[in-house]
Amino acid sequence: MSNENAGTSAVIGEPRSVSVETLRLDPHNARLPLSFRGSSQQELAEVLEMGFEAYAIAQSVADNGFFASEPLLAIASDDEHDTWIIVEGNRRLTALLGLTFQEIRARFAEPDRWDRLAARSKFTLTSLVPIVIYPNRESTHLQVARAHVLGKLPWS
């Protein structure tokens, strides 16, 4: 059986570990109300924390760590060198930001509980987390659709 594509890679995306401080929330995240698209990182984090259960995710991350088997999907920032926009995983990134950036969690709805959680978390701004870097937003669509449309089958 002949393989015309022998020697070429069918893998899209480059796995890498990067520090939390180099990650940015996606201002074009589909979860966001249109009025918040393009907002500051602080505003995006507040919306995602308030409406999408970021605290529960932060509890899991603080207790169990960040699973390498579920990397964030990223594209390079056009505005900042060596900085990554997270196209998929913005709730997890909001959790990480709440655990590592005091100025972000200070504006969350219940900053005291975030402070207590951050105090027992091992995550810092320089902690490494797994991401997969894609060449552009369009190249992430198949993976994002797989996560949101197909999802995982429930256990019986």
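Is V132 buried or exposed, and what is the relative accessibility of V132? V132 counts as buried because its relative accessibility is 12%, where buried means under 20% relative accessible area, exposed means over 50% and partly exposed means in between, with a 1.4 Å probe and protein chains only.

## The model and its overall layout

This is a predicted model, in which local features need pLDDT of at least 70 and side-chain atom pairs count only at pLDDT 80 or more, while totals for chains, interfaces and linings use all residues. Residues are numbered from 1 along each chain as its sequence is written, and side-chain values use heavy atoms, with hydrogens and water left out.

The protein contains six helices and five strands, which are DSSP runs numbered from the N terminus (helices are H or I with at least four residues, strands are E with at least two). Read from the N terminus, the order of these elements is β-β-α-α-β-β-α-α-α-β-α. Of the 156 residues of the protein, 42% count as buried. Contact here means heavy atoms within 4.5 Å, and among the contacts with a separation of 6 or more, 68% come from residues 24 or more positions apart.

V132 has its place in strand β5. The C-alpha atoms of V132 and G13 are separated by 5.5 Å, although these two residues are 119 residues apart along the chain. If neighbours within four places in sequence are left aside, V132 is in contact with G13, E14, P15, P71, L72, L73 and A74.

N90 belongs to helix α3, and N90 counts as buried because its relative accessibility is 3%. Between N90 and L25 there are 5.9 Å from C-alpha to C-alpha, while in sequence the two are 65 residues apart. Apart from neighbours within four places in sequence, the residues in contact with N90 are L25, D26, N29 and L48.

Helix α1 covers residues 41-51, and its buried residues include Q42, L44, A45, E46, V47, L48 and E49. The elements that cover the buried residues of α1 include β2 (23-25), α2 (54-64), α3 (90-100), α4 (102-105) and α5 (111-120).

The loop between α1 and α2 holds E53, a residue that is not a glycine and yet has a positive phi of about 55°. E53 is exposed, with a relative accessible area of 60%. D82, another residue other than glycine, has a positive phi near 55°; D82 has its place in the loop between β3 and β4, and at 46% relative accessibility D82 counts as partly exposed.

## How α2 meets α3

Two packed helices are described by the angle between their axes and the distance between the axes. The axes of α2 and α3 come within 8 Å and cross at roughly 70°, where axes are lines fitted to C-alpha atoms, for helices over the stretch in contact, and angles run from 0 to 180 degrees between N-to-C directions. That makes α2 roughly perpendicular to α3, a description used for angles of 65 to 115 degrees, whereas angles under 35 count as roughly parallel, over 145 as roughly antiparallel and the rest as oblique.

In this contact, A54, I57, A58, V61 and A62 of α2 meet R91, R92, T94, A95, L96 and L99 of α3. Sorted by class, the contact of α2 with α3 has eight nonpolar, one polar and two charged residues; Ala, Val, Leu, Ile, Met, Phe, Trp, Tyr, Cys and Pro count as nonpolar, Asp, Glu, Lys and Arg as charged, and the others, Gly among them, as polar.

## The nonpolar cores

A nonpolar core is a set of buried Ala, Val, Leu, Ile, Met, Phe, Trp, Tyr and Cys residues joined through side-chain atoms within 4.5 Å. The largest nonpolar core has 34 residues, and those with the most contacts inside it are L23, L96, V129 and I131. At least two residues of this core are supplied by each of β2, α1, α2, β3 (72-76), β4 (84-88), α3, α5 and β5 (128-134), and α2 gives the most, with six residues.

With neighbours within four places in sequence left aside, L23 is in contact with V18, L72, W84, I86, L93, V129 and I131. A second, separate core has six residues, including L73, V87, V132 and Y134.
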